[in-house]
Amino acid sequence: MNLQSELHKATLFHNLELLANQVVEGFISGIHKSPFHGFSAEFAEHKIYNDGESTKHIDWKLFAKTDKLYTKRYEEETNLRCHMILDNSASMHYPEIKNLSVSNLNKIGFGVLAIAAIMNILKKQRDAVGLSIYSDQYDFYSAEKSSERHHQMLLAKLNAVSTTDNPATDTKTYTYLHQIAEKIHRRSLIFLFTDMLQASVEEEKLFEALRHLKYNKHEVVLFHLMDKDKEYHFNFDNGPKRFKDVETGAHLDLYADTVKEAYEAGVTQYFEALKMRCAQYKIKYVPVDVQADFSRILNTYMVERQRFL
(Lines give C-alpha, C1' and ligand atoms only; values in the text may rest on other atoms or scores of the structure.)
Protein backbone atom coordinates (compact mmCIF):
# COMPACT_ATOMS: atom_id res chain seq x y z
CA MET A 1 0.00 0.00 0.00
CA ASN A 2 1.46 3.40 -0.96
CA LEU A 3 1.55 6.40 1.34
CA GLN A 4 -1.31 8.22 -0.41
CA SER A 5 -3.79 5.32 -0.17
CA GLU A 6 -2.72 4.69 3.41
CA LEU A 7 -3.39 8.35 4.20
CA HIS A 8 -6.92 8.17 2.80
CA LYS A 9 -7.77 4.93 4.59
CA ALA A 10 -6.35 5.92 7.96
CA THR A 11 -8.86 6.75 10.66
CA LEU A 12 -8.28 10.29 11.79
CA PHE A 13 -8.77 9.77 15.48
CA HIS A 14 -6.24 6.98 15.89
CA ASN A 15 -3.52 8.55 13.75
CA LEU A 16 -3.82 12.28 14.32
CA GLU A 17 -0.10 12.96 14.75
CA LEU A 18 0.79 10.81 11.74
CA LEU A 19 -1.83 12.46 9.55
CA ALA A 20 -0.81 15.96 10.68
CA ASN A 21 2.78 15.17 9.73
CA GLN A 22 1.69 13.85 6.32
CA VAL A 23 -0.43 16.95 5.69
CA VAL A 24 2.57 19.18 6.44
CA GLU A 25 4.97 17.08 4.36
CA GLY A 26 2.55 17.15 1.45
CA PHE A 27 2.25 20.90 1.72
CA ILE A 28 6.01 21.43 1.88
CA SER A 29 6.64 19.17 -1.11
CA GLY A 30 4.23 21.28 -3.14
CA ILE A 31 6.02 24.59 -2.65
CA HIS A 32 9.53 25.93 -3.00
CA LYS A 33 11.65 25.18 0.04
CA SER A 34 12.61 28.81 0.69
CA PRO A 35 9.49 29.82 2.68
CA PHE A 36 10.50 27.20 5.23
CA HIS A 37 14.14 28.27 5.40
CA GLY A 38 13.48 29.97 8.71
CA PHE A 39 12.29 26.84 10.47
CA SER A 40 14.35 26.02 13.50
CA ALA A 41 14.43 22.47 12.17
CA GLU A 42 16.48 23.70 9.19
CA PHE A 43 19.80 25.49 9.48
CA ALA A 44 21.31 27.99 7.06
CA GLU A 45 25.00 27.39 7.59
CA HIS A 46 27.65 26.22 10.04
CA LYS A 47 29.91 28.20 12.31
CA ILE A 48 33.04 27.18 14.17
CA TYR A 49 32.38 25.97 17.68
CA ASN A 50 33.71 28.28 20.40
CA ASP A 51 34.77 27.02 23.82
CA GLY A 52 32.07 27.57 26.38
CA GLU A 53 29.17 27.30 23.93
CA SER A 54 26.49 24.68 24.38
CA THR A 55 27.37 21.42 22.63
CA LYS A 56 23.71 20.82 21.82
CA HIS A 57 23.98 21.92 18.18
CA ILE A 58 27.39 20.48 17.26
CA ASP A 59 27.23 18.70 13.92
CA TRP A 60 28.94 15.41 14.81
CA LYS A 61 28.67 14.04 11.28
CA LEU A 62 30.61 17.02 10.00
CA PHE A 63 33.14 16.53 12.83
CA ALA A 64 33.70 12.95 11.65
CA LYS A 65 34.53 14.23 8.16
CA THR A 66 36.63 17.26 9.06
CA ASP A 67 37.92 16.55 12.57
CA LYS A 68 36.74 20.08 13.47
CA LEU A 69 33.85 21.19 15.63
CA TYR A 70 31.08 23.14 13.94
CA THR A 71 27.66 24.08 15.21
CA LYS A 72 24.52 24.54 13.13
CA ARG A 73 23.62 28.19 12.83
CA TYR A 74 19.86 28.43 12.69
CA GLU A 75 18.23 30.94 10.40
CA GLU A 76 15.65 32.01 12.98
CA GLU A 77 15.40 31.07 16.62
CA THR A 78 12.16 32.61 17.78
CA ASN A 79 9.87 32.52 20.74
CA LEU A 80 6.62 32.63 18.83
CA ARG A 81 3.57 32.00 20.95
CA CYS A 82 0.49 30.67 19.16
CA HIS A 83 -2.92 30.00 20.72
CA MET A 84 -5.52 27.85 18.94
CA ILE A 85 -9.23 28.32 19.66
CA LEU A 86 -11.69 25.65 18.51
CA ASP A 87 -15.47 25.96 18.40
CA ASN A 88 -16.93 22.58 19.42
CA SER A 89 -20.64 23.45 19.19
CA ALA A 90 -23.15 21.17 17.47
CA SER A 91 -23.09 23.01 14.13
CA MET A 92 -19.36 22.27 13.84
CA HIS A 93 -20.19 18.56 13.67
CA TYR A 94 -21.97 19.03 10.34
CA PRO A 95 -22.13 17.08 8.16
CA GLU A 96 -22.56 14.00 10.32
CA ILE A 97 -19.83 11.51 9.37
CA LYS A 98 -19.37 8.12 11.01
CA ASN A 99 -15.74 7.52 10.06
CA LEU A 100 -13.75 10.67 9.49
CA SER A 101 -10.69 10.50 7.27
CA VAL A 102 -8.49 13.02 5.51
CA SER A 103 -10.66 12.72 2.39
CA ASN A 104 -13.96 12.81 4.31
CA LEU A 105 -14.15 15.54 6.95
CA ASN A 106 -16.82 17.58 8.62
CA LYS A 107 -16.08 21.00 10.13
CA ILE A 108 -14.89 19.73 13.52
CA GLY A 109 -12.70 17.06 11.91
CA PHE A 110 -11.16 19.61 9.57
CA GLY A 111 -10.54 22.02 12.44
CA VAL A 112 -8.91 19.32 14.55
CA LEU A 113 -6.57 18.17 11.78
CA ALA A 114 -5.74 21.75 10.75
CA ILE A 115 -4.75 22.59 14.32
CA ALA A 116 -2.70 19.40 14.59
CA ALA A 117 -0.89 20.28 11.34
CA ILE A 118 -0.01 23.79 12.54
CA MET A 119 1.11 22.28 15.86
CA ASN A 120 3.39 19.99 13.87
CA ILE A 121 5.07 23.02 12.27
CA LEU A 122 5.28 24.87 15.59
CA LYS A 123 6.96 21.82 17.08
CA LYS A 124 9.57 21.88 14.30
CA GLN A 125 10.15 25.54 15.06
CA ARG A 126 10.37 24.91 18.81
CA ASP A 127 7.65 27.50 19.31
CA ALA A 128 4.99 27.47 22.01
CA VAL A 129 1.36 26.52 21.37
CA GLY A 130 -1.73 26.76 23.56
CA LEU A 131 -5.27 25.52 23.05
CA SER A 132 -8.78 26.57 24.02
CA ILE A 133 -11.96 24.62 23.23
CA TYR A 134 -15.49 25.83 23.91
CA SER A 135 -19.04 24.60 23.33
CA ASP A 136 -21.82 25.51 25.76
CA GLN A 137 -19.05 26.06 28.29
CA TYR A 138 -15.32 26.77 28.32
CA ASP A 139 -14.35 23.10 27.93
CA PHE A 140 -10.58 23.28 27.88
CA TYR A 141 -7.69 25.70 28.27
CA SER A 142 -3.96 25.12 28.15
CA ALA A 143 -1.39 27.90 28.11
CA GLU A 144 1.36 28.09 25.49
CA LYS A 145 4.20 25.63 25.95
CA SER A 146 6.67 23.91 23.64
CA SER A 147 7.46 20.62 25.40
CA GLU A 148 6.85 17.20 23.84
CA ARG A 149 4.66 16.21 26.78
CA HIS A 150 2.48 19.28 26.22
CA HIS A 151 2.28 18.54 22.48
CA GLN A 152 1.06 15.00 23.12
CA MET A 153 -1.47 16.20 25.68
CA LEU A 154 -2.99 18.63 23.18
CA LEU A 155 -3.16 15.93 20.50
CA ALA A 156 -5.01 13.66 22.93
CA LYS A 157 -7.48 16.42 23.72
CA LEU A 158 -8.09 17.12 20.05
CA ASN A 159 -8.70 13.41 19.48
CA ALA A 160 -11.31 13.44 22.22
CA VAL A 161 -13.07 16.45 20.70
CA SER A 162 -13.26 14.75 17.31
CA THR A 163 -15.16 11.83 18.75
CA THR A 164 -17.76 13.84 20.67
CA ASP A 165 -21.04 11.90 20.48
CA ASN A 166 -23.46 14.54 21.76
CA PRO A 167 -22.10 18.01 20.97
CA ALA A 168 -23.55 20.96 22.86
CA THR A 169 -26.61 22.47 21.19
CA ASP A 170 -26.11 26.01 22.46
CA THR A 171 -23.08 28.24 22.67
CA LYS A 172 -22.23 31.86 23.28
CA THR A 173 -18.97 32.23 21.38
CA TYR A 174 -18.40 35.80 22.53
CA THR A 175 -18.57 34.78 26.22
CA TYR A 176 -15.70 32.33 25.87
CA LEU A 177 -13.62 34.58 23.62
CA HIS A 178 -13.70 37.22 26.36
CA GLN A 179 -12.57 34.61 28.88
CA ILE A 180 -9.77 33.45 26.62
CA ALA A 181 -8.65 37.04 26.03
CA GLU A 182 -8.35 37.51 29.80
CA LYS A 183 -6.02 34.49 30.01
CA ILE A 184 -3.61 35.38 27.19
CA HIS A 185 -1.36 38.17 28.47
CA ARG A 186 1.79 37.81 26.37
CA ARG A 187 1.75 38.81 22.70
CA SER A 188 0.52 35.84 20.67
CA LEU A 189 -0.65 34.75 17.26
CA ILE A 190 -4.25 33.61 17.76
CA PHE A 191 -6.14 31.28 15.41
CA LEU A 192 -9.91 30.86 15.80
CA PHE A 193 -11.59 27.93 14.04
CA THR A 194 -15.38 28.36 13.90
CA ASP A 195 -18.29 28.22 11.46
CA MET A 196 -19.55 31.65 12.59
CA LEU A 197 -23.10 30.39 13.01
CA GLN A 198 -24.79 32.45 15.68
CA ALA A 199 -27.92 34.54 16.05
CA SER A 200 -27.71 37.88 14.24
CA VAL A 201 -28.47 39.73 17.49
CA GLU A 202 -25.22 38.29 18.91
CA GLU A 203 -23.00 39.46 16.07
CA GLU A 204 -22.08 42.77 17.69
CA LYS A 205 -21.14 40.99 20.92
CA LEU A 206 -19.03 38.57 18.91
CA PHE A 207 -17.01 41.37 17.33
CA GLU A 208 -16.57 43.02 20.71
CA ALA A 209 -15.02 39.75 21.89
CA LEU A 210 -12.80 39.53 18.79
CA ARG A 211 -11.62 43.08 19.48
CA HIS A 212 -10.84 41.98 23.03
CA LEU A 213 -8.53 39.34 21.57
CA LYS A 214 -6.65 42.09 19.77
CA TYR A 215 -5.46 43.52 23.09
CA ASN A 216 -1.79 43.25 24.03
CA LYS A 217 -0.85 43.44 20.34
CA HIS A 218 -2.15 39.96 19.56
CA GLU A 219 -2.66 39.05 15.90
CA VAL A 220 -5.98 37.30 15.29
CA VAL A 221 -6.84 35.03 12.35
CA LEU A 222 -10.43 33.88 11.93
CA PHE A 223 -10.72 30.63 9.96
CA HIS A 224 -14.37 30.51 8.89
CA LEU A 225 -15.07 26.81 8.30
CA MET A 226 -17.89 25.73 6.01
CA ASP A 227 -19.04 22.87 3.82
CA LYS A 228 -19.13 25.11 0.77
CA ASP A 229 -21.16 22.79 -1.44
CA LYS A 230 -24.02 22.53 1.07
CA GLU A 231 -23.75 25.57 3.33
CA TYR A 232 -22.84 28.13 0.66
CA HIS A 233 -24.20 26.82 -2.64
CA PHE A 234 -27.11 24.89 -1.05
CA ASN A 235 -26.61 21.97 -3.41
CA PHE A 236 -29.29 19.48 -2.43
CA ASP A 237 -31.51 17.44 -4.72
CA ASN A 238 -34.97 18.89 -5.17
CA GLY A 239 -36.94 16.33 -3.25
CA PRO A 240 -38.92 17.43 -0.18
CA LYS A 241 -36.54 17.87 2.76
CA ARG A 242 -36.62 18.91 6.39
CA PHE A 243 -33.80 21.29 7.33
CA LYS A 244 -33.17 21.33 11.06
CA ASP A 245 -31.11 23.73 13.14
CA VAL A 246 -28.92 21.39 15.19
CA GLU A 247 -28.50 23.98 17.92
CA THR A 248 -32.06 25.27 18.34
CA GLY A 249 -34.12 22.35 17.00
CA ALA A 250 -36.11 24.68 14.70
CA HIS A 251 -36.87 23.19 11.29
CA LEU A 252 -38.19 24.05 7.83
CA ASP A 253 -39.83 21.70 5.32
CA LEU A 254 -39.15 22.76 1.73
CA TYR A 255 -37.82 21.96 -1.74
CA ALA A 256 -34.21 23.10 -2.06
CA ASP A 257 -34.58 24.60 -5.54
CA THR A 258 -37.30 26.99 -4.38
CA VAL A 259 -34.89 28.84 -2.05
CA LYS A 260 -31.46 28.07 -3.51
CA GLU A 261 -30.96 31.38 -5.33
CA ALA A 262 -32.18 33.57 -2.47
CA TYR A 263 -30.26 31.48 0.06
CA GLU A 264 -26.95 31.80 -1.78
CA ALA A 265 -27.45 35.56 -2.21
CA GLY A 266 -28.12 35.95 1.51
CA VAL A 267 -25.10 33.86 2.51
CA THR A 268 -22.84 35.77 0.13
CA GLN A 269 -24.00 39.05 1.65
CA TYR A 270 -23.37 37.70 5.16
CA PHE A 271 -19.85 36.51 4.30
CA GLU A 272 -18.97 39.83 2.70
CA ALA A 273 -20.21 41.65 5.81
CA LEU A 274 -18.04 39.40 8.00
CA LYS A 275 -15.03 40.09 5.81
CA MET A 276 -15.61 43.86 6.01
CA ARG A 277 -16.05 43.84 9.80
CA CYS A 278 -12.89 41.81 10.26
CA ALA A 279 -10.97 44.23 8.02
CA GLN A 280 -12.33 47.12 10.08
CA TYR A 281 -10.84 45.64 13.26
CA LYS A 282 -7.66 44.35 11.55
CA ILE A 283 -8.62 40.70 12.01
CA LYS A 284 -7.49 38.33 9.25
CA TYR A 285 -10.60 36.67 7.79
CA VAL A 286 -10.07 33.38 5.93
CA PRO A 287 -13.08 31.45 4.55
CA VAL A 288 -12.21 27.74 4.33
CA ASP A 289 -14.03 24.93 2.53
CA VAL A 290 -13.68 21.76 4.63
CA GLN A 291 -13.96 19.64 1.47
CA ALA A 292 -10.77 21.25 0.10
CA ASP A 293 -7.18 20.56 1.15
CA PHE A 294 -5.22 22.26 3.94
CA SER A 295 -3.06 24.51 1.76
CA ARG A 296 -5.07 27.64 2.55
CA ILE A 297 -4.67 27.04 6.29
CA LEU A 298 -0.93 26.41 6.11
CA ASN A 299 -0.25 29.21 3.61
CA THR A 300 -2.08 31.62 5.92
CA TYR A 301 -0.03 30.39 8.87
CA MET A 302 3.23 30.98 6.97
CA VAL A 303 2.24 34.50 5.90
CA GLU A 304 0.95 35.51 9.33
CA ARG A 305 4.05 34.13 11.05
CA GLN A 306 6.27 36.28 8.84
CA ARG A 307 4.16 39.35 9.61
CA PHE A 308 3.99 38.61 13.32
CA LEU A 309 7.75 38.29 13.72
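**Close-up views of a predicted model**

**View 1. His150 is a buried residue of helix α5.** His150 has a relative accessible area of 5% and is therefore buried, the limit being under 20%. The model shown here and in the other views is predicted. His150 belongs to helix α5, which spans residues 148-162. Apart from neighbours within four places in sequence, the residues in contact with His150 are Val129, Gly130, Ser142, Ala143 and Lys145.

**View 2. Six strands form an open, mixed sheet.** The strand order is β5-β4-β3-β6-β7-β10. β5 and β10 (residues 284-289) are the edge strands, each pairing on one side only. From one strand to the next, the twist averages 15°. Helix α4 (residues 107-124) packs on this sheet and touches β3, β4, β6, β7 (residues 219-226) and β10. The direction of α4 makes about 170° with that of β3.

**View 3. Strand β4 pairs with β3 and with β5.** β3 and β4 run parallel and are joined by seven bridges. In this pair, Arg81 stands opposite Ala128 of β4. β4 and β5, in contrast, run antiparallel, with five bridges between them. Here Ser132 stands opposite Tyr141 of β5. Strands of a sheet pair through backbone hydrogen bonds, in either a parallel or an antiparallel arrangement.

**View 4. Both faces of β4 are covered.** Seven of the seven residues of β4 are buried.

**View 5. Phe193 is a buried residue of strand β6.** Phe193 lies in β6, and its relative accessibility of 0% is why it counts as buried. Not counting residues up to four places away in sequence, Phe193 touches Met84, Ile85, Leu86, Asp87, Met92, Gly111, Ala114, Ile115, Ile118, Phe223, Leu225 and Ile297. One of these, Phe223, is 30 residues from Phe193 in sequence. The C-alpha atoms of Phe193 and Phe223 are 5.0 Å apart.

**View 6. The buried residues of helix α6 lie on the same side of the helix.** In α6 (residues 173-183), the buried residues are Thr173, Tyr174, Tyr176, Leu177, Ile180 and Ala181. They share one side of α6 because they cover an arc of only 160° around the axis. These buried residues pack against the strands β3 (81-87), β4 (128-134), β5 (138-145) and β6 (189-194), and against helix α7.

**View 7. Helices α7 and α9 pack with a right-handed crossing.** α7 comprises residues 203-213 and α9 residues 256-280. Their axes are 11 Å apart and meet at an angle of about 35°, and the crossing is right-handed. On the α7 side the contact is made by Glu203, Glu204 and Phe207; on the α9 side it is made by Tyr270, Leu274, Arg277 and Cys278. By class, four of the contact residues are nonpolar, three are charged and none is polar.

Note on methods: Residues are numbered from 1 along each chain as its sequence is written. This is a predicted model: local features need pLDDT of at least 70, side-chain atom pairs count only at pLDDT 80 or more; totals for chains, interfaces and linings use all residues. Side-chain values use heavy atoms; hydrogens and water are left out. Axes are lines fitted to C-alpha atoms, for helices over the stretch in contact, and angles run from 0 to 180 degrees between N-to-C directions. Helices (H or I, at least four residues) and strands (E, at least two) are DSSP runs, numbered from the N terminus. A crossing is left-handed if the near helix is turned anticlockwise from the far one by less than a right angle, and right-handed if clockwise. Contact means heavy atoms within 4.5 Å. Ala, Val, Leu, Ile, Met, Phe, Trp, Tyr, Cys and Pro count as nonpolar, Asp, Glu, Lys and Arg as charged, and the others, Gly among them, as polar. Buried means under 20% relative accessible area, exposed over 50%, partly exposed in between (1.4 Å probe, protein chains only). The arc is that of the directions from the helix axis to the C-beta atoms. Two strands pair if DSSP finds at least two bridges between them.
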